[in-house]
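Please consult the sequence and the model shown here while reading.

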Amino acid sequence: MGGVTAGRDPGLQPERTRLAWRRTTLSYAVASVLALRAALHGGATAGGLLACALCGALWVGFLLVAHRRIRALATTGGRTVALAPRHAVAAALCTVATAVCAVALVV
């Protein structure tokens, strides 16, 4: 088994992962813009603007994690490198916090 992994052809897996991070970041940006639109639709309130500002800050945090992951995939020469646990936690926390902001904007 050890010889099989040494000559492993990674194929397009790193490229698919990179594109998935880019798609997710773009979707996150669209969700942030829609949150801003929802907050301003019925008149700007302090809570709505705070939720939008937090949503934007969370998007920037997620963007930084995604950019770091994309850069790591590009510099490994086709090798798959595991996502650092702290980056995975940061991405998950940004996503959950954005969902909480979305609920705050809807309610």
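What covers the buried residues of helix H3 includes helices H2 and H4. Buried denotes under 20% relative accessible area, exposed over 50%, and partly exposed the range in between (1.4 Å probe, protein chains only); cover is judged by contact, that is, heavy atoms within 4.5 Å. Helices (H or I, at least four residues) and strands (E, at least two) are DSSP runs, numbered from the N terminus.

The model is predicted, so local features need pLDDT of at least 70 and side-chain atom pairs count only at pLDDT 80 or more, whereas totals for chains, interfaces and linings use all residues. Residues are numbered from 1 along each chain as its sequence is written, and side-chain values use heavy atoms, with hydrogens and water left out.

**Helix H3**

- The 30 residues of H3 reach 43 Å from the first C-alpha to the last, close to the expected 44 Å; the expected span is 1.5 Å times one less than the number of residues.
- Among the buried residues of H3 are Gly48, Cys52, Arg69 and Leu73.
- Trp59 is placed in H3 and is partly exposed, because its relative accessible area is 24%.
- Beyond its neighbours within four places in sequence, Trp59 is in contact with Thr25, Tyr28, Ala29 and Ser32.
- Trp59 and Leu26 stand 33 residues apart in sequence, and their C-alpha atoms are 9.8 Å apart in space.

**Helix H2**

- The end C-alpha atoms of H2 are 42 Å apart, which agrees with the 42 Å that its 29 residues should span at 1.5 Å a residue.
- The buried residues of H2 are Pro14, Thr17, Trp21, Thr25, Tyr28, Ala29, Ser32, Ala35 and Ala39.
- H3 and H4 are included in what covers these buried residues of H2.
- Gly43, with a positive phi near 105°, follows H2.

**Nonpolar cores**

- A nonpolar core is a set of buried Ala, Val, Leu, Ile, Met, Phe, Trp, Tyr and Cys residues joined through side-chain atoms within 4.5 Å.
- The largest such core has ten residues: Trp21, Tyr28, Leu58, Phe62, Val65, Ala66, Ile70, Ala91, Cys94 and Cys101.
- Helices H2 (13-41), H3 (46-75) and H4 (85-106) are the elements that give two or more residues to this core, and H3 gives the most, with five.
- Another core lies apart from the largest one and has six residues, among them Ala39, Ala51, Cys55 and Leu105.
- Leaving aside neighbours within four places in sequence, Cys94 is in contact with Tyr28, Leu58, Gly61 and Phe62.

**Surface patch**

- Leu26, Val30 and Leu34 form a nonpolar surface patch with about 290 Å² of accessible area together; areas come from the Shrake-Rupley method with a 1.4 Å probe, and for residues only the protein chains shown count as cover.
- Patches consist of residues with over 30% relative accessible area and no salt bridge, where like charges are joined within 9 Å and nonpolar side chains (Val, Leu, Ile, Met, Phe, Trp, Tyr) within 5 Å.
- Leu34 lies in H2 and is partly exposed, with a relative accessible area of 49%.

**Salt bridge**

- The structure holds one salt bridge, a term for a side-chain nitrogen of Lys or Arg within 4 Å of a carboxyl oxygen of Asp or Glu.
- The side chains of Glu15 and Arg18 meet in a salt bridge at 2.5 Å, N to O.
- Glu15 and Arg18 are separated by about one helical turn because they are three residues apart in H2.
- Glu15 is partly exposed at 34% relative accessible area, and Arg18 also counts as partly exposed, at 22%.
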